[in-house]
Amino acid sequence: MFRLIREDIAVVFEQDPAARSSVEIVLTYAGLHAIWSHRVAHWLWRKRRRFLGRAVSQISRFFTGIEIHPGAKIGRRLFIDHGMGVVIGETCEIGNDVTLFQGVTLGGTGKEKGKRHPTLGNNVLIASGAKVLGAINIGNNAKIGANSVVLNDVPENSTVVGIPGRVVRQNGVKVNRDLDHRNLPDPVGDLCKDMNHQIESLKKEVEDLKRRMAHDA
């Protein structure tokens with residue numbers, strides 16, 4: 001247990017440049033408090049103390065602003081940055097070395113029974129406000145851009161942006177576990193730029209044609 005606590009603190013130092021001391025992290029980081037509370041709630045859930053598990057999770061939600069269902073399975077070294085508004089559903093499964101930013105939802109899409117929430121692989125980063133919905137799989141080393149809505153499986157080493165989420169493959173290059181979720185590909189923006197370039201080219205051809213017709217006349 002103490003080894004896990006030290007590991008959790010070390011992850012905060014690694015991922016958050018604002019972290020100054022272990023005491024500050026232990027006392028003021030809501031994401032860490034939510035993870036530690038979840039371990040207690042999940043233990044109670046597995047022991048079929050379902051009401052107590054839910055009670056612990058709701059108390060944690062009240063104090064941290066982070067809602068983690070006690071049934072969710074979470075791996076090691078999860079880092080929740082800021083965390084306000086993060087929601088993790090009952091049948092979620094989260095691998096190791098995952099990073100979640102504020103406003104992330106790992107939710108379901110309806111009232112279906114059984115597995116209804118996402119499964120995240122290792123080394124996944126989900127940026128602010130992203131929604132990952134349904135019993136889908138997010139592959140290892142994937143990045144989900146801010147405010148994306150992901151409804152389908154995401155392959156390993158991929159980046160997803162947009163609504164609905166579009167996968168931009170990284171040609172097998174591993175996506176590093178860093179906090180840079182600004183410099184992500186923008187396929188919609190690239191398409192608009194390409195269309196604008198074609199329009200400008202067509203306008204030039206029309207102007208050239210007009211000049212030739214006027215010269216011939």
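**Notes on the predicted model**

1. Let's start at the surface: L27 has 62% relative accessibility, so L27 counts as exposed (that means over 50% relative accessible area, with buried under 20% and partly exposed in between, for a 1.4 Å probe and protein chains only). L27 sits in helix α2, residues 22–28 (helices are DSSP runs of H or I of at least four residues, strands are runs of E of at least two, and numbering goes from the N terminus).

2. Before going on, some housekeeping. This is a predicted model, where local features need pLDDT of at least 70 and side-chain atom pairs count only at pLDDT 80 or more, while totals for chains, interfaces and linings use all residues. Residues are numbered from 1 along each chain as its sequence is written, and side-chain values use heavy atoms, with hydrogens and water left out.

3. Now the sheet. Four strands make an open sheet in the order β2-β5-β8-β11, with parallel pairing (two strands pair if DSSP finds at least two bridges between them). β2 (73–74) and β11 (137–138) stand at the edges with a single partner strand each, so one side of each has no neighbour in the sheet. Between β5 (residues 93–94) and β8 (residues 119–120) there are two bridges, in the parallel sense; I94 has L120 as its bridge partner in β8.

4. On to charges: the structure holds 11 salt bridges (a side-chain nitrogen of Lys or Arg within 4 Å of a carboxyl oxygen of Asp or Glu). One of them joins R39 and D8 at 2.7 Å, N to O. This pair links distant parts of the chain, with R39 in helix α3 and D8 in helix α1, 31 residues apart. D8 counts as buried because its relative accessibility is 3%, whereas R39, at 23%, counts as partly exposed.

5. Another salt bridge to look at is K115 with E93, whose closest N and O atoms are 3.6 Å apart. Here K115 lies in the loop between β7 (105–107) and β8, and E93 in strand β5, 22 residues apart. K115 is partly exposed at 34% relative accessibility, and E93 is partly exposed with a relative accessible area of 34%.
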